[in-house]
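This report covers a strand pairing and the charged side-chain contacts of one structure. The sequence and the structure come before the text.

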Amino acid sequence: MAHIDRRNRGGTIRYVARYVDPAGRERSKSFTRKADAQKYLTEVEAAKLKGIWVDPKHGRTLFRDWHAEWWPTLFPALAIASCIVAINLIADALQSVASE
């Protein structure tokens, strides 16, 4: 369950919002105001319930790394799409020959 810890480091008060992500890993983020920590936890819990929670470390992924992972997955989809188009063209050609 999500909770907020109050920390006093050298006279500075920080509020640490802690929660468990969908994978079961505990995560935390600190704030200077308790209200900000509570708002953050509310948003995180709502995102988890809606199924739209995104791992914060994905925000640090470089475009080149994402592209290198994504680009190879594009070609199988294009190959399937081009096969479907080719099959439809052949079917249309056979249908026109059969109707003559």
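## The hairpin of β2 and β3

In this predicted model, strands β2 and β3 form a hairpin with 5 residues between them. Within this hairpin, glycine 24 has a positive phi near 95°.

The two strands, β2 (residues 12-20) and β3 (residues 26-31), run antiparallel and are joined by 6 bridges. Across the pair, tyrosine 15 stands opposite phenylalanine 31 of β3.

## Salt bridges

Side chains of opposite charge can pair when their charged atoms come close. How many salt bridges does a search of the whole structure find? The search finds 8.

One of the salt bridges links arginine 33 and aspartate 36, with 2.9 Å between the closest N and O atoms. Aspartate 36 has 27% relative accessibility, so this residue counts as partly exposed. Another salt bridge is formed by the side chains of aspartate 5 and arginine 7, at 3.7 Å from N to O. Arginine 7 also counts as partly exposed, because its relative accessibility is 29%.

Arginine 64 and aspartate 65 form a salt bridge in which the closest N and O atoms are 4.0 Å apart. Is arginine 64 buried or exposed? Arginine 64 counts as exposed, because its relative accessibility is 61% and the cut-off for exposed is over 50%. Aspartate 65, at 41%, counts as partly exposed.

Elsewhere, Asp5, Arg7, Arg18 and Glu26 belong to one network, joined by salt bridges that share partners.

Note on methods: Residues numbered from 1 in each chain as written. Predicted model: local features only at pLDDT ≥ 70, side-chain atom pairs only at ≥ 80, totals over all residues. Heavy atoms only, no water. Buried < 20%, exposed > 50% of the residue type's maximum accessible area, 1.4 Å probe, protein only. Pairing = 2+ DSSP bridges. Helix = DSSP H or I, 4+ residues; strand = E, 2+ residues; numbered from the N terminus.
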